[in-house]
Amino acid sequence: MCPNRRNGKLPTTLQARSEAGEGAAVRYAYKASLVGSAHQFELTDEGLSWRIAGRSGVWDYADISAVKLSYRPVSMQQQRFRVDIDHAKGGRIAILSTTWQTATLVAPQGHLYRDFIVELHRRMQAAGSTARLVGGLGSKTYTAALAVLAWLAVAMVGLLVMALMTANWTGALFLLGFAALFTWQVRGFVGRNRPRRYGFDQLPDTLLPKPLPKPDRNQAQ
């Protein structure tokens, strides 16, 4: 990754924290697996500080060459997002919006992840960054995914027609149910991961967890 190194320790708690005051540090951490330590990140005045698998470094905001947001659901956590951050001199950092807690629990950290990503973009813009900001899958990967989905749709229609022609009502109902479930699961992935470019002041909401609802002032009173 980046050749820069720093010995400063980052927090081990799996949370993001913003301290009061302009230029205060913002921290985020997550566990990518049950084994090993947490991946830890901090937004400081010097840049993006990271500590991963015993290695650490600081990337100046102006040296970040690309930021890629994407939606990456898995069976254990449907609301899972990812950002890939590239350095101009080589190296890539991946940050996920979920963290492993137990062998059967992958917990979301949606609003903490969102706050960290939004603040990262704000600091990059303030540093005069010219990074490439992209969302979704790559255009070739996205086109290939659409082609595969189209082929599957044609195959399902063909099987459904055969089932109806042979009066195989059980098979027809199964195909209809499978098609409905498949469409429901894939639609969000395909729709959210449409290739796009975005600006520092226009982050794509579909590629970020939902923000926390604002408190109702009337109820608070």
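The structure is a predicted model, in which local features need pLDDT of at least 70 and side-chain atom pairs count only at pLDDT 80 or more, while totals for chains, interfaces and linings use all residues. Residues are numbered from 1 along each chain as its sequence is written, and side-chain values use heavy atoms, with hydrogens and water left out.

The protein contains four helices and twelve strands, taken as DSSP runs numbered from the N terminus (H or I of at least four residues for helices, E of at least two for strands). Of the contacts with a separation of 6 or more, 58% are accounted for by residues 24 or more positions apart, a contact meaning heavy atoms within 4.5 Å.

A search of the whole structure finds six salt bridges, each being a side-chain nitrogen of Lys or Arg within 4 Å of a carboxyl oxygen of Asp or Glu. One of them joins Arg-114 to Asp-205, with the closest N and O atoms 3.0 Å apart. This pair links distant parts of the chain, since Arg-114 lies in helix α1 and Asp-205 in the loop between β12 (196-197) and α4 (217-220), 91 residues apart. Arg-114 is buried at a relative accessible area of 14%, whereas Asp-205 counts as exposed at 52%.

Also in helix α1, Glu-119 and Arg-122 are three residues apart and therefore separated by about one helical turn, and their side chains meet in a salt bridge (2.7 Å, N to O). Glu-119 is buried, with a relative accessible area of 17%, and Arg-122 is partly exposed at 38%; together with Arg-123, these residues are linked in a network of salt bridges. A further salt bridge is formed by Arg-82 and Asp-84, whose closest N and O atoms are 2.8 Å apart; Arg-82 is partly exposed, at 24% relative accessible area, and Asp-84 is buried, at 5%.

Gln-109 is placed in the loop between β10 (105-108) and α1 (110-126) and is buried, with a relative accessible area of 5%. Its side chain makes a polar contact with the side chain of Tyr-28 (3.0 Å), a polar contact being a pair of N or O atoms within 3.5 Å, of which, within protein, one must be able to donate a hydrogen and the other to accept it, and residues adjacent in sequence count only if both atoms are side-chain atoms.

Conventions. Buried means under 20% relative accessible area, exposed over 50%, partly exposed in between (1.4 Å probe, protein chains only).
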